[in-house]
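The following note is intended to accompany a reading of the structure below. Please keep the sequence at hand while going through the points.

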Amino acid sequence: MFDNGIFFTILGAAIATVLAGIGSAKGVGSAAQTSMGVLSEDSSMFGKMLVLTLLPGTQGLYGFIVGFLILVSSGVLSGTPNVTLVQGFAYAGASLAIGFGGLFSGIAQGKAAVSGIAMTAKDEKNFSKGMVSVTLVEIYALLAFIVSLLVVIQVSNFAA
Amino acid sequence: MKTVRIIALRQDRKRLLEHLQDSALVQIKSSEKSRRGFTRVNVSPQMQVFERNVDLTQQALKILDNAKPEKAGMLASFKGRREIDPDEIGVIAANAKEVIEACSRIVELDKECSDNSAEQIRIKTQLAQLESWNRLDIPLNTGDTKSTAVFIGSLPEQYSEQRLKEALAAENPKLEFETEIIYSEPNLTNAVIFAPKSQKTMADEALRALGFARPMSPTHKIPKVKAQRLRDQSQRLLRENEQAQQEIASFADMRDKIKCTQDYFRFRSDKYRVINSLDHSKHVFIIEGYIPEEDCEKLETLCTRVATCVVEFGEAGDNAPVKLKNNKFAEPAQGILTMYAAPGATDIDPSPVLAFFFYFFFGMMFSDAGYGILMVIATGLMIKLFKPDKKMRNNLKLFQFCGVSTTIWGLIFGSIFGDAPAALYNMFTGSNVVMAHSISNMSDPTPALLPWPVIDPQKDALTLMIISIAFGLVHILVGMGCKFIVCIKQKDYPGAFFDTGLWMLMLIGFAVLAAGLITTPVLITVGAVIAVACAVGLVLTQGRGKKGIVGKAIGGLASLYSITSYISDLLSYSRLLALGLTTGVMAQVFNMLATMMGTNVLGIVFMIVIFLLGHVINIGLNALGAYVHTMRLQYVEMFSKFYEGGGKEFEPFSLNSKYIKIQEDK
């Protein structure tokens with residue numbers, strides 16, 4: 001298991017995808033619940049509700065992309081994995097950023113989206129303000145994503 | 001914007017107002033009270049009639065939609081209002097009475113239906129109650145005979161005949177009685193109890209102790225007969241409802257007429273609302289309002305043509321509404337601007353700047369030539385086929401421009417449906433080509449499809465991040481430039497040069513310094529000198545509002561702290577990289593999945609399905625992301641630098657309709 005870094009590489013891909021995915025799933029889940037409540041009263045707001053509901057969904061996407069890039073750049077996807085133990089650890093470490101960043105920012109953004117939906121339900125004119133406020137949370141997922149990304153694309157250049 | 005005052009003869013009121021409404025030139029100002037010597041005419045009763053008609057038609061349309069849904073395509077919401085000839089209005093007006101009658105009939109029928117449905121429910125509960133009395137062969141309200149008291153009712157417990165007798169005997173051993181159990185279930189027994197009339201009070205007390213209660217709605221019919229009658233009634237109501245529904249559905253052809261009539265009454269009620277707010281004297285009336293400067297002449301000729309009147313123009317103050325006027329390139333972005341806020345009195349109209357950066361950033365985030373071309377074609381087709389209304393058309397135009405930018409960025413990033421061309425080529429020929437060589441790896445020996453070097457967000461992430469932040473700097477500087485112009489316009493020179501200019505210079509200094517880090521060290525010195533000079537300048541000037549030397553010094557130093565907000569603003573632009581990368585990678589993943597199954601028939605079917613599905617998902621997710629985040633960059637990062645908002649939009653007195661649009665005279 002410790003001869004090479006394959007285990008940790010795959011672990012890294014899993015952490016990035018799963019943790020960020022959980023964050024998004026929770027966020028989108030709570031936003032979707034609220035928006036369905038609004039839609040049961042007024043189904044004409046579907047478009048706006050959809051936008052607000054989907055906003056916390058990006059974390060999962062970032063996590064997935066980091067996971068995917070790990071699989072590509074380590075060669076796991078092409079069936080010829082070539083990673084040293086150090087590189088494996090590097091992948092696993094890099095994945096923690098978007099994993100935890102995505103997990104918590106996804107949940108937090110979900111909460112913000114719920115409030116945004118409630119606000120839009122009261123007055124549709126508030127939609128753009130709600131939308132912008134909800135995206136304020138996203139920057140932290142983005143920063144985590146970029147850190148993960150910058151490491152992942154450089155790992156293949158690491159020496160053993 | 002100008003103010004306008006039109007004084008005209010009362011006899012011309014109708015004609016003049018109609019023409020004003022048609023031409024949509026003036027926004028009419030309404031004040032609470034009339035000025036001295038003038039009175040208001042009260043036309044509220046007429047107005048209410050019109051408004052009621054609008055409501056009625058709305059209700060009727062809703063009922064029609066439920067009874068016989070209109071066949072509408074998925075894209076119907078893009079469709080513009082139906083254009084009608086100006087002469088048609090006369091026809092609509094002539095038919096209005098008939099249409100309103102039809103609407104009343106529809107609403108009446110609907111009310112009948114809902115009354116019937118309520119009655120049905122009542123019958124149902126009654127039937128359910130009667131169910132348990134089914135075996136009783138005398139009416140529920142049978143009274144006492146000459147010698148016998150009759151008690152018909154329920155007890156809140158389950159009894160057999162034997163147990164009921166025991167219970168009654170236990171209550172009052174002296175009581176003589178006869179019972180018959182009609183129905184029993186846990187916690188309920190329906191029974192008939194006979195007792196000698198002389199013992200009626202005794203029997204009553206004994207029964208009350210057991211919790212005896214007479215039925216809620218006693219009838220003088222035998223339960224079975226009553227139940228049958230209720231069932232018949234329910235059948236009849238059902239038939240009636242069916243008939244009513246059929247009659248409602250028969251009005252479905254009138255839907256268009258109803259829509260036109262609704263708009264007709266909307267026009268009229270709008271007009272009467274205006275009349276309500278006008279000042280009248282014995283012979284003349286006054287209209288006051290706002291008008292865009294370029295329309296003044298048009299209004300004057302119009303007014304003098306249709307009425308005997310005096311038209312005066314004046315300068316509008318700060319409270320005047322704003323009419324945005326932009327060229328074809330910037331107009332689509334007005335919707336984005338007004339979604340934030342219309343420009344306030346001191347603002348400049350930032351639409352052109354907004355438009356440019358909106359298209360630019362959207363393209364950079366969506367960044368795929370394939371998707372971009374699809375956007376351009378789809379929006380173009382929609383505009384051509386549906387002839388949407390102005391607002392919708394502007395939205396479509398917005399995405400068309402975004403599509404152009406997306407295409408260009410897609411080519412720069414080397415992404416056409418992700419790496420679809422290369423993936424498909426490799427799949428069918430078994431060769432190994434890439435889409436293009438990235439700028440950092442020009443000497444790659446594998447053949448490339450695109451002849452030009454591209455910025456590959458995956459391989460050149462760092463370069464792209466620097467580029468993103470550089471664009472961010474430009475964006476912020478443009479925002480501050482707008483502030484600079486606003487300050488100059490207001491003759492706030494210290495604000496322009498010290499508060500805005502110095503910060504702009506300082507940011508430029510840092511940019512030069514950063515450029516120096518990559519290129520020559522000379523630039524580092526130049527940048528540092530600029531930045532330090534600006535910092536000194538800021539410390540010297542930013543405390544100018546404070547009292548005393550110490551206060552000024554502290555104010556100046558504290559102002560340097562805002563550098564943190566600029567840094568966080570700049571970092572925010574790294575989303576340009578993140579979202580650009582997301583589109584590309586997602587597309588790549590779907591292409592990889594699509595080409596997985598090989599080149600046999602099954603594989604190709606699989607490929608087509610996955611390819612279509614995957615890219616549709618990708619377009620949906622990432623177009624949304626690009627739209628939302630571009631908007632955020634505009635609203636939060638740029639507008640915060642200069643834009644006050646808080647203005648009101650110019651809303652002229654016009655034919656404000658929902659379904660029809662009157663063609664302009666050609």
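**Notes on the structure**

1. In this predicted model, β5(B) and strand β7 (residues 188–196) of chain B pair in the antiparallel sense over eight bridges. Two strands are said to pair if DSSP finds at least two bridges between them. Helices (H or I, at least four residues) and strands (E, at least two) are DSSP runs, numbered from the N terminus. Within this pairing, B:Ile152 is opposite B:Val192 in β7(B).

2. The pair belongs to an open sheet of three strands in chain B, ordered β5-β7-β6 with antiparallel pairing. Because β5 (148–155) and β6 (178–185) of chain B are at the edges with a single partner strand each, one side of each has no neighbour in the sheet. From one strand to the next, the twist averages 10 degrees. Strands of a sheet pair through backbone hydrogen bonds, in either a parallel or an antiparallel manner.

3. Helix α4 (residues 161–171) of chain B packs on this sheet and touches β6 and β7 of chain B. The direction of α4 makes about 120 degrees with that of β6(B). Axes here are lines fitted to C-alpha atoms, for helices over the stretch in contact, and angles run from 0 to 180 degrees between N-to-C directions.

4. As the model is predicted, local features need pLDDT of at least 70 and side-chain atom pairs count only at pLDDT 80 or more, whereas totals for chains, interfaces and linings use all residues. Chain B has an average pLDDT (the predictor's confidence in each residue, from 0 to 100) of 86, and 98% of its residues score at least 70. Confidence in chain B is lowest in strand β11 (residues 660–662), with a mean of 76, and highest in helix α10 (residues 351–366), at 94. For the complex, the predictor gives an ipTM of 0.76 and a pTM of 0.79.

5. How is chain B divided into domains? An automatic or database domain assignment supplies the bounds: domain 1 (1–37 + 283–321), domain 2 (141–214), domain 3 (331–459 + 578–642) and domain 4 (462–572). In chain B, 14 residues of domain 3 are in contact (C-beta atoms, placed from the backbone, within 7 Å) with 14 residues of domain 4. On the domain 3 side, α20 (601–642) of chain B and α10 of chain B each give two or more residues, and α20(B) provides the largest share, five residues.

6. Chain A has five helices and zero strands. The C-alpha trace of chain A spans about 60 × 25 × 20 Å along its principal axes. Of its 160 residues, 57% are buried (20 or more other C-beta atoms, placed from the backbone, within 10 Å of the residue's own).

7. Which element of chain A gives the most to the side that touches chain B? In total, 19 residues of chain A are in contact with 25 residues of chain B. Helices α2 (46–54), α3 (58–73) and α5 (127–155) of chain A each supply at least two residues of the chain A side, and α5(A) gives the most, with 11 residues. This side has 16 nonpolar, three polar and no charged residues. Ala, Val, Leu, Ile, Met, Phe, Trp, Tyr, Cys and Pro count as nonpolar, Asp, Glu, Lys and Arg as charged, and the others, Gly among them, as polar.

Key
Residues numbered from 1 in each chain as written. Chains lettered and ligands numbered in written order. Contact = placed C-beta atoms within 7 Å. Buried ≥ 20, exposed ≤ 12 C-beta atoms within 10 Å, placed from the backbone.
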